[in-house]
Amino acid sequence: MAVSLSPNLGTNYAPDEIQHPYIKFSEWKFKLFRVRSFEKTSEEAQTEKKDSSEGRASLEQSPAVLDKAEGQKPALTETAFKTHCKFVKNSRGNGKARDKAIHQANLQHLCRICGNSFQTDVQNKRYPVHGPVDGKTQGLLRKKEKRVTSWPDLIAKVFQIDVKADVDSIHPTEFCHNCWRIMYRKFSHAPCDAYFPRNATMEWHPHTPSCDICHAARRGLKRKNQQPNLQRSKKLKTVVADRARQACHCKRKAQTRVNNKDVMKKIANCSKMHLSTKLLAVDYPVHFVKSISCQICEHILTDPVETSCKHVFCRVCILRCLKVMGNYCPSCRYPCFPTDIESPVKSFLSILNSLMVICPAKECNEEVSLEKYNHHVSSHRESKETFVHINKGGRPRQHLLSLTRRAQKHRLRELKLQVKAFADKEEGGDVKSVCLTLFLLALRARNEHRQADELEAIMQGRGSGLQPAVCLAIRVNTFLSCSQYHKMYRTVKAITGRQIFQPLHALRNAEKILLPGYHPFEWQPPLKNVSSSTDVGIIDGLSGLSSSVDDYPVDTIAKRFRYDSALVSALMDMEENILEGMKSQDLDDYLNGPFTVVVKESCDGMGDVSEKHGSGPAVPEKAVRFSFTIMYITIARGSQNVKVFEEAKPNSELCCKPLCLMLADESDHETLTAILSPLIAEREAMKSSELMLEMGGVLRTFKFIFRGTGYDEKLVREVEGLEASGSVYICTLCDATRLEASQNLVFHSITRSHTENLERYEVWRSNPYHESAEELRDRVKGVSAKPFIETVPSIDALHCDIGNAAEFYKIFQLEIGEVYKNPNASKEERKRWQATLDKHLRKKMNLKPIMRMNGNFARKLMTQETVEAVCELIPSEERHEALRELMDLYLKMKPVWRSSCPAKECPESLCQYSFNSQRFAELLSTKFKYRYEGKITNYFHKTLAHVPEIIERDGSIGAWASEGNESGNKLFRRFRKMNARQSKCYEMEDVLKHHWLYTSKYLQKFMNAHNALKNVGFTMNSQASLEDPLGLEDSLETQDSMEF
């Protein structure tokens, strides 16, 4: 069947050697898939048409003509010139080709990404856009375990530019050193002075007469390029000579191209492997045949592959040509690498397999499809003409892993035989080791070093072992020092012969991800007076102090994280919790915010932390810790704020993250101010800015709200500049004096604030009314120092409970001595009452006497059983009823300020709080008047007067208390013992680092899994215990089955 081709079906604008095969194929309505065409665009066609019409008009007006008769010299006549206007058009076309060549030469001086000239680059370094990455970048990518190995993939990842589709006549082929530094900084997270000179990447367009690139290149010349004047005969002679030279050059070029084709056919050498196009059963158009044939061997495509420039070849042919002739496309000379070739689309493969071919065997002219060709020629095994096999199965080639086991064996049969022969010859027949080694090398070539290390450990019989993060969680939560962990690591490895625990250097690498200073971030607008660098770890906390030794104690040591970097690390640590919270609230995980993060700040002195060892007197060494807790995170959905994260245990030491550790006294106002002032300045700067942080692959926005509620009364008075707790002004929330509070126990409101305290300090400092000291003190309501930390007016629930328990302990003593009858008791009598009470409580309640009230003693003391035990020492029944009622009212009020959410946990007590507090105050002013006439304790005043107002404002008191910071005091001592070093400076760094890791939610998941495993338990028989003394085999198998 023959198909006639209309001569005016299409017009070729490029030579046949570089003519794209799909152009005519698409014109014949075989629509396979869209590819880049080498035809001229519509804009270029219109421009050329316009230029040709203008050129034709100008030449018709010219009096000079060119004519060449047979045997005569060329003469210039107007009619002859008109007849040869085609030649003039060709000369103008040669001028356009020359302009394009100049444009392409100018492109080689520009950067593909940013468009800057290489002459402005001080380094004068260039990098090819196509090809493998350089050695330095390759080393960095291996460290980061990235799989990118070529510049096109790296440029697409960093700048979002697809350079695989570039054309040399439009796009530059190199990029500058500045763009290289930007890509290097992207993966190294190192500080770099590289910057991108534009707001967006450069866009490149084809050459036009008004091309900016060519005009910019000619801008420095003094004379303009003059167009050739065709009116002069001398110029015409020059044109004729140029035309002759151009014709000779084209002949030579075509001959070279033909020679190159012959060379490529010899390189491919596939005449006995691929089918010729002469075997096609249908007489297809020439252009269609060209589109289904290889452009190297000109046979029917066998196992076709597609290059980045959209040319199609046989896989064997293109790989052989790339290996011999270099990494460029044989058709268009576009850069091409073996890693760039891909399989064509399925629609093209289906049409290719449906083509009918004639069987080349003798006496068999049967027409079969390419898909069934292999099955057909299997009956002609004795025939030499049917040696050819195509497409490996007659259908689109499937991936090896998608085949059945039998098909895999069939496809890899030859490779298996080769590997077996090599193993028999070189490795004594150990085929398994050869295959594993090949797999190991393949993994390392793709930068998959983690999987390679696990495979290598299995090959050596060591097993994969525990992850470094698991080992780090075990070390931190068991408080093992470096030497203790290393001893355990060596012992387990020696006994089991396996590296179950990871070495210390692997743990240090795992630490870096969890510590502040690892994740990049950005603030919009940038923070005032805060560095923009993100890789900031532990810094010196004495930056706020002057360098003079006389200004502060020599033994003052402070280490801290930068506030913004610590917040970023804390947010990334709870990334999974945030994303799970968004999913549970039916929110899209691609929402970018803004998220609102509420942070609770805590600061408390840890008392004496000196090590009691060695001879000589014990020198007191006091320490202070500043920490924060992320309470909850919300995001706006419509007019409501939806909580995506809420801290379940806000008073646990596991969520109270340390920010600053200092060896200083909390009562030293100057030292405390100097150390915490830079930290407070960072907090104030973050209030008016937004954090831009990439989380879950999406750039998200975070806003922060800071609430300084985790302070005890002593520290609140210190940071807000108030007088000590024993002064006339009893409360840190209101302006009441002790006398006013005792006369009115219940009805008070919160009046103090940080701003008002600052104003009162200015009055105290300047004394504008020239008052006496007492008058001035009464005016400023007890403010005598400069407030430097903003606190939220609240009650510290833990210390409130301890203070009230101490007051009840005093009431019990006074009731035993019957002070309501005899108020003037001596000091010895009072001591005797205390001894009697301690002895009775130890006998009845198992409460050992203490020197100072603490939380555990307070919890056991404040019970009805304790009241019943104390009543045994009091003879009056009336006093029994008063004590029982007082304790009963207190136990009803206590859950309101101790619970994290009183509206849910104790709604009845919350509703009855006002009544209970008034009855409690009435009892104090009547039955216990001997103790509370004209005076009241600080915590009784706050408990009775301010609790309902704070609950109404914040919803809770117990959740915002400093209990988490208090419970972290014991951790400081344990971590200090764990990291004992000669230098206290380095010791504080280690304590701060390990305390931060202890609060990591990522590591807590491993420990929760470990604790669950311990609770479930596992059994071992005696034989297994003999083979594995530590029982690590079973534990590892169980841990491998769990999802860490």
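**Close-up 1. Tyr563 and its surroundings in this predicted model.** Beyond the neighbours within four places in sequence, Tyr563 is in contact with Val599, Glu601, Phe626, Phe628, Leu659, Leu679, Glu682, Arg683, Met686 and Phe706. Tyr563 also belongs to the largest nonpolar core, a group of 93 residues. Along with Leu571, Phe628, Ile633 and Phe704, Tyr563 is listed among the residues with the most contacts inside that core. In soluble globular proteins, nonpolar side chains tend to be buried together.

**Close-up 2. A second, separate core.** Here you can look for Ala741, Ile795, Cys871 and Phe928, which are included in a core of 57 residues.

**Close-up 3. Helix H33, residues 877-898.**

**Close-up 4. His171 in a loop.** This loop runs between helix H6 (151-159) and strand S2 (174-176). Is His171 buried or exposed? His171 counts as buried because its relative accessibility is 14%, and the cut-off for buried is under 20%. Leaving aside neighbours within four places in sequence, His171 is in contact with Leu107, Arg112, Asp166 and Trp204.

**Close-up 5. Residues 294-333, listed by UniProt as "domain: RING-type" in an unreviewed entry.** Over residues 294-333 the chain is 28% helix and 15% strand. The end C-alpha atoms of this stretch are 16 Å apart.

Methods:
Residues are numbered from 1 along each chain as its sequence is written. This is a predicted model: local features need pLDDT of at least 70, side-chain atom pairs count only at pLDDT 80 or more; totals for chains, interfaces and linings use all residues. Side-chain values use heavy atoms; hydrogens and water are left out. A nonpolar core is a set of buried Ala, Val, Leu, Ile, Met, Phe, Trp, Tyr and Cys residues joined through side-chain atoms within 4.5 Å. Buried means under 20% relative accessible area, exposed over 50%, partly exposed in between (1.4 Å probe, protein chains only). Contact means heavy atoms within 4.5 Å. Helices (H or I, at least four residues) and strands (E, at least two) are DSSP runs, numbered from the N terminus. The expected span of a helix is 1.5 Å times one less than its number of residues. UniProt positions are given in the numbering used here, feature names are shortened, and annotations may be inferred rather than shown by experiment.
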